[in-house]
Amino acid sequence: MYYIIFDLEWNGAYCYSTQSFMNEIIEIGAVKLDEKLNIVDTYKQMIFPHFTKKLSGRCKRLTNITNDEVRENGIDFVDAFRDFARWGQGDDNVYMSWSNSDLYVLTQNFTQNTGSAHIDFIKNYCDVQKYCMSFIKKEDNPDGNQVSLENCAELFNIDFDTDKLHRALADCYVTVECLKKVFDKNKLDACVKVCDSKFFERLLFKPFYVTEEKYDKFDVHEVELVCPQCGGLLDVPDELSIINKSFKGAVRCNYCMHSYWIFIRVKKLYDDFSVKTSYVEMNKRKARKLNAAKKSRHN
């Protein structure tokens with residue numbers, strides 16, 4: 001079994017064929033490690049972009065990669081990753097990257113180039129950023145924000161050449177050093193995800209807010225509401241409006257007689273729904289007015 005740390009550089013530019021912006025991979029670098037994190041092999045390959053053609057100014061500034069370098073050394077995406085798959089073959093191997101953004105872009109590129117989001121040679125995956133961040137003290141990252149590779153290396157007192165960052169293989173070497181600083185095989189293995197086809201579908205799925213009262217297998221009127229005053233169950237009101245992608249309605253507790261504006265925000269996830277509720281108590285005048293109007297409608 002090997003750990004394979006990979007890093008990608010990509011060109012963020014407009015794709016005329018899809019009429020949208022995309023991140024097209026132009027370089028891949030990887031380091032193969034044994035179970036004691038000794039480097040046993042490395043991989044590096046430029047990839048010729050087909051969809052975005054010319055490198056953006058930001059890409060050239062960040063990576064120092066030129067159009068000439070890509071033209072001279074780049075090969076086709078499918079050929080590059082067929083070769084990379086051969087180099088990293090092994091069902092037990094664990095592929096790793098600094099945050100899952102590289103894996104996300106790789107999955108997008110696979111979809112564009114092959115028509116499938118399933119990367120069959122990646123059987124197991126671990127997010128090194130997430131793993132390393134679990135060892136960073138709260139005082140060093142009080143807000144719990146994602147830590148860049150450069151910042152993590154600084155926090156771990158690792159010497160590195162900032163001028164060489166943002167090239168695929170160079171970033172892999174820094175990632176290796178960060179991993180070595182906090183390596184615990186049992187903890188690392190617990191962070192490894194098995195990559196079946198649903199893993200990649202879930203990775204590409206973009207959650208969205210539901211604004212229909214009945215959507216798929218979800219019905220907003222079946223949401224359980226609890227009075228924040230007495231804990232009694234509330235009925236979801238029949239009349240709901242949409243405010244800032246939330247369902248809004250007026251409700252009165254039949255136990256303590258408090259009235260509230262309720263807000264229900266529903267997010268569609270890959271295979272589930274996330275529901276968040278909030279309550280704002282009405283002033284007595286508004287509550288009386290709404291309750292009177294409700295009684296009038298029923299009569």
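A search of the whole predicted structure finds zero disulfides, a disulfide being a pair of cysteine sulfur atoms within 2.5 Å. The sulfur of Cys-152 has its closest cysteine sulfur in Cys-178, 4.0 Å away, which is too far for a bond. Cys-152 is also buried, at 1% relative accessibility. Cys-59 is buried too, at 4%. Buried means under 20% relative accessible area (1.4 Å probe, protein chains only).

The model is predicted: local features need pLDDT of at least 70, side-chain atom pairs count only at pLDDT 80 or more, and totals for chains, interfaces and linings use all residues. Residues are numbered from 1 along each chain as its sequence is written, and side-chain values use heavy atoms, without hydrogens and water.

Strands β2 (residues 20–33) and β3 (residues 39–46) run antiparallel and are joined by seven bridges. Strands are DSSP runs of E, at least two residues long, and helices are runs of H or I, at least four, numbered from the N terminus. Two strands pair if DSSP finds at least two bridges between them. Lys-32 stands opposite Asp-41 in β3. The two strands form a hairpin with five residues between them. In the turn, Leu-37 has a positive phi of about 70°.

The lining of the largest cavity includes Ile-5, Trp-98 and Cys-172. Both β1 (3–15) and α7 (168–181) supply at least two residues of this lining. On a 1 Å grid over the protein atoms alone, a cavity is a set of points where a 1.4 Å probe fits but cannot get out; lining residues have an atom within 4 Å of a point.

Technical notes
Buried < 20%, exposed > 50% of the residue type's maximum accessible area, 1.4 Å probe, protein only. 1 Å grid on protein atoms, 1.4 Å probe; cavity = no way out; pocket = protein on both sides within 12 Å on 5 of 7 lines; lining within 4 Å.
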